[in-house]
Amino acid sequence: MSKQLLIYERAVPVTRQRHGAWSVKAGASFEFARSVNSVPLMVAEFPNAAAEYTIVFGGAEDEIIPVALLGIRDSENLYVSDSGTWTGTYVPAFLRRYPFVFSSDNANEADATFTLCVDEEFSGCNDEGRGERLFDADGERTQYLQNVLGFLQAYQVQFQRTKLFVKRLQEFGLLEPMQAQFTLRSGQRSTLSGFSVVNRERLKALAPEQLAELMQADEMELVYLHLASLRNLTPIAERIGGPVDAAQAAETAPSSPADFETSGNA
């Protein structure tokens, strides 16, 4: 598999023949995520993520998905320290599952078979016993590998739930393009674009049955968490090194700016 999903360099299926003696030491370094300024976010993560990240919607058409902003410039992650540690409180599940990922043999996920893959380029992969073994001396999956599988299965369930949430937002016409402009203390100007947000006025104008549908699906809380998280744009930019003035301007003039949810490793 070629480089994919932002951070994966060479993900191949996990097999006892190829990886029988392998160990993985994950969670110590996030150097692999240094050049990504956003990562996908599942709806189950909104309560934890909204406290410190800005949650917006990235992608186009049927591939729109919530993302957590990690930087305001291309190839810049403001949450990875010089030493490679994560400086935020919550680590998005997209990063916690690394170096593992599911690959699918069918574009129709309802009929797909998923295969567990590992990015062999990850620095924590080794045959020297560092970290957690993938297979035991008898060639059976270790408890660590079973936990990884469980985590990715939970992630896949959340991914489907997240897609349904975004589909509802699109059907109700709530998403609109937005851009944010920043002026740093140095005088440098930076513009972040290519994402969408929920329009508050359209939300308030929804028909009663549509509002009820959002409420019954426990999605109204997700919408408000997303809207509240937009306040984090300035604190994120301030990680560059100084206070900023953030002027948010939507292209269509918006009215306002497993344990799956925990930050431990898979």
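This section describes the fold, surface, pocket and selected residues of a predicted model. Local features were considered only at pLDDT of at least 70 and side-chain atom pairs only at pLDDT 80 or more, whereas totals for chains, interfaces and linings use all residues. Residues are numbered from 1 along each chain as its sequence is written, and side-chain values rest on heavy atoms, with hydrogens and water left out.

The protein chain contains 8 helices and 12 strands, where helices (H or I, at least four residues) and strands (E, at least two) are DSSP runs numbered from the N terminus. Of its 266 residues, 48% count as buried; buried denotes under 20% relative accessible area, exposed over 50%, and partly exposed the range in between (1.4 Å probe, protein chains only). The protein chain exposes about 12900 Å², of which carbon and sulfur atoms supply 46%.

Helix α7 (residues 220-229) is mostly covered, with 7 of its 10 residues buried. The buried positions in α7 are Met220, Leu222, Val223, Leu225, His226, Leu227 and Ser229. Aspartate 218 is placed in the loop between α6 (208-216) and α7. Aspartate 218 has a positive phi of about 60° although it is not a glycine, and its relative accessible area of 52% makes it exposed. A positive phi, near 60°, is also found at serine 75, a residue other than glycine. Serine 75 belongs to the loop between β5 (65-69) and α3 and is exposed, at a relative accessible area of 55%.

Helix α3 (residues 93-96) includes phenylalanine 94. Phenylalanine 94 counts as buried because its relative accessibility is 2%. Proline 99 occupies the loop between α3 and β6 (100-104). The peptide bond from tyrosine 98 to proline 99 is cis, with omega near 15°.

Proline 99 is also among the contacts of valine 24, a residue of strand β2 (residues 23-24). Valine 24 is buried, with a relative accessible area of 1%. Leaving aside neighbours within four places in sequence, valine 24 is in contact (heavy atoms within 4.5 Å) with Pro99, Phe100, Phe122, Gly124, Cys125, Asn126, Arg130, Gly131, Glu132, Leu134 and Tyr144. Valine 24 and tyrosine 144 are 120 residues apart along the chain, yet their C-alpha atoms are separated by 9.6 Å.

Serine 196 lies in strand β11 (residues 189-198). Serine 196 is buried, since its relative accessible area is 15%. Residues up to four places away in sequence not being counted, serine 196 touches Val56, Phe57, Leu175, Glu176, Pro177 and Met178.

The second largest pocket holds about 180 Å³ of space. Rolling a probe the size of a water molecule over the atoms shows where empty space is left. On a 1 Å grid over the protein atoms alone, a pocket is an open set of points with protein on both sides within 12 Å along at least five of seven lines, and lining residues have an atom within 4 Å of a point. Grid points are joined across faces, edges and corners, and the volume is the space filled by probe spheres set on the points. The lining of the second largest pocket comprises 13 residues, of which Ile7, Glu9, Glu31, Phe32 and Tyr98 lie nearest its centre. This lining divides into 5 nonpolar, 3 polar and 5 charged residues, with Ala, Val, Leu, Ile, Met, Phe, Trp, Tyr, Cys and Pro taken as nonpolar, Asp, Glu, Lys and Arg as charged, and the others, Gly among them, as polar.

Glutamate 9, one of the residues nearest the centre of that pocket, is located in the segment before β1 (11-13). Glutamate 9 is partly exposed, with a relative accessible area of 40%. The C-alpha atoms of glutamate 9 and valine 118 are separated by 9.8 Å, although the two residues are 109 residues apart along the chain.

A search of the whole structure returned 0 disulfides, a disulfide being a pair of cysteine sulfur atoms within 2.5 Å. Cysteine 117 counts as buried at 0% relative accessibility, and cysteine 125 counts as buried at 13%.

How values were computed
Areas by Shrake-Rupley, 256 points an atom, 1.4 Å probe, with all protein chains shown as cover. 1 Å grid on protein atoms, 1.4 Å probe; cavity = no way out; pocket = protein on both sides within 12 Å on 5 of 7 lines; lining within 4 Å.
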